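Subject: Structure handover

Hello,

Here is the structure I promised to pass on. Please open it next to this email and follow along.

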Number of protein chains: 2
Amino acid sequence: MADTNQVILRYFSCRGRAQPLRDALSDAGVAFDDVQITDWRARPQPPEIAGLFGSLPTLTWGDVDACETLPMARLIGERLGHTRGLSERRVVELEAACSAMLTDVLVPIAHAIWSDLLFPGSDAKGVTARQSPRWRSKLARAAALLPRDRPFLGGEAPVIADFFLFEAFDTLGMLLGPALAPRLERELPRLTRLARDLLARPRVASVYAARPPRFTGRPDEPQVLARLHAGDPSELWPASA
Amino acid sequence: MADTNQVILRYFSCRGRAQPLRDALSDAGVAFDDVQITDWRARPQPPEIAGLFGSLPTLTWGDVDACETLPMARLIGERLGHTRGLSERRVVELEAACSAMLTDVLVPIAHAIWSDLLFPGSDAKGVTARQSPRWRSKLARAAALLPRDRPFLGGEAPVIADFFLFEAFDTLGMLLGPALAPRLERELPRLTRLARDLLARPRVASVYAARPPRFTGRPDEPQVLARLHAGDPSELWPASA
């Protein structure tokens, strides 16, 4: 019989879609097995690892096996008590924040990094230049949801959506590179403050320090980023309209 | 005061992310206002239309405003009673099916159609050839979730996840074109049956007949598809490994 408290999160040895989930579980002090699979290409992976759709991350929490990042985020938020006492409207808003950060910032940034392989003929620089204003706009809209007088979407303590905002902001900073970091912080001060307030929490600081160095599973991600950062930074992120 | 039963779904005049939601509401006999916005470029759209993230579809159902497709799908499923009596595990599975169909089939097909604009240097043919085996594999995994002895994921009546499977299957057929349709039906017989069983429901047949002709908001989508279908069909969809 399964241990009803056993929590296993399976992903690759990168941040990608899983990092906000790792952050939230860590911040809540949940002891979980952070499985980082390195031999994915030796397919097929058994369904208890790869989930219903053959895609990581997957999660086991006691007797529930979950797959697909947003349903997993919802389950984690519920089990951590993040939605307790909230109105249906508010629950849907927080889910929307996770969804927008994942599907309109984090996944598109992964696509940019993989662009020459997934979208033959394109490259990371062209895709980033085309799409970065949209990512910045999604982050600005997310920032506008944060309260003025309290640090997190969850109030005094973060909920899972806060970690999606944080990872989306942090990941865009990584993609755009050090030359554009000051502009990103200046244009999105509320997210800069969110990052600072989250990193002031010892468990978040710990998981941040220990996280995988790469965002995607692409082995040559450092070279892709180095090429991206080599040219004129303003090409990567055209001035806001 | 808002009419607690008023339902408004806002999207563009295309199928895209909204069609599974339109299907589910129609099949359930919910009278809803199917707003199709044609002047989106005249931004900024007010938040009551464009939602928290400036992105359609959005939904108003009585006193709840929702945005982002997957949270909206969950809300619709709940309000239509699709999750009543189901285990937490099963609810998460059905959410995962919506998520996989949306994020790994429908959205990538939209990206293929928009590829030359979103991923400069790429084109619809190269992206489709690169990604179609993955879309087919996601659909095969979704098909494997359908029961053998009953028509739908929901049993005798469809739940919202059934409509995501249906739209993903139908949309891949549209993208690959008439020359590949027989192969698609042969390789995915369970989804062919799902489509037939859904279209045998009068309200689904009605909404299917009345739906917008385009999948994306791209005005020249018919030309993009015509170019895609003009060459050797086997280039679009390499034989399964």
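A question to start: is Glu187(A) buried, partly exposed or exposed? Keep in mind that this is a predicted model. Glu187(A) is partly exposed, because its relative accessible area is 24%, and the buried class needs under 20%.

**The salt bridge of Glu187 in chain A**

Glu187(A) has a partner. Its side chain meets that of Arg136(A) in a salt bridge, at 2.5 Å from N to O. This pair links distant parts of the chain. Glu187(A) sits in helix 8, residues 181-187 of chain A. Arg136(A) sits in helix 6, residues 124-143 of chain A.

**Chain B**

Now turn to chain B. Glu187(B) and Arg136(B) meet in a salt bridge through their side chains, at 2.5 Å from N to O. Here too the pair links distant parts of the chain, with Glu187(B) in helix 8 and Arg136(B) in helix 6 of chain B, 51 residues apart. Glu187(B) counts as partly exposed, because its relative accessibility is 23%.

Glu187(B) also meets Arg183(B) in a salt bridge, at 2.9 Å from N to O. How far apart are Arg183(B) and Glu187(B) in helix 8? They are four residues apart, so about one helical turn separates them. Arg183(B) is buried, with a relative accessible area of 15%.

Over all chains, the structure holds 32 salt bridges.

**Where the chains meet**

Next, look at the contact between chain A and chain B. Chain A gives 46 residues to it, and chain B gives 46 residues. How much area do chain A and chain B bury between them? The figure is about 3900 Å², with 58% of it on carbon and sulfur atoms. In chain A, the residues that lose the most area to chain B are Leu52(A), Phe53(A) and Phe119(A). Together they make up 17% of what that side buries.

Between chain A and chain B the count is six salt bridges. Asp65(A) forms a salt bridge with Arg89(B), and the closest N and O atoms are 2.9 Å apart. Elsewhere, a network of salt bridges links Arg74(A), Glu78(A) and Glu95(B).

Which elements of chain A give two or more residues to the side that touches chain B? They are strand 4 (64-67), helix 3 (69-79), helix 4 (88-113), helix 5 (115-118) and helix 6. Helix 4 of chain A gives the largest share, 14 residues. By type, the residues on this side of chain A divide into 21 nonpolar, 10 polar and 15 charged.

**One more residue**

Finish with Ala50(B), which is found in helix 2, residues 47-50 of chain B. Ala50(B) is buried, because its relative accessible area is 2%. Which residues is Ala50(B) in contact with, leaving aside its neighbours within four places in sequence? They are Trp40(B), Gln45(B), Ser55(B), Leu56(B) and Thr58(B). Compare Ile113(B): Ala50(B) and Ile113(B) are 63 residues apart in sequence and 23 Å apart in space, C-alpha to C-alpha.

Best wishes

Conventions
Residues are numbered from 1 along each chain as its sequence is written. Chains are lettered from A and ligands numbered from 1 in the order in which they are written. This is a predicted model: local features need pLDDT of at least 70, side-chain atom pairs count only at pLDDT 80 or more; totals for chains, interfaces and linings use all residues. Side-chain values use heavy atoms; hydrogens and water are left out. A salt bridge is a side-chain nitrogen of Lys or Arg within 4 Å of a carboxyl oxygen of Asp or Glu. Buried means under 20% relative accessible area, exposed over 50%, partly exposed in between (1.4 Å probe, protein chains only). Contact means heavy atoms within 4.5 Å. Buried area is the accessible area (1.4 Å probe) that two parts lose on being put together, summed over both. Ala, Val, Leu, Ile, Met, Phe, Trp, Tyr, Cys and Pro count as nonpolar, Asp, Glu, Lys and Arg as charged, and the others, Gly among them, as polar.
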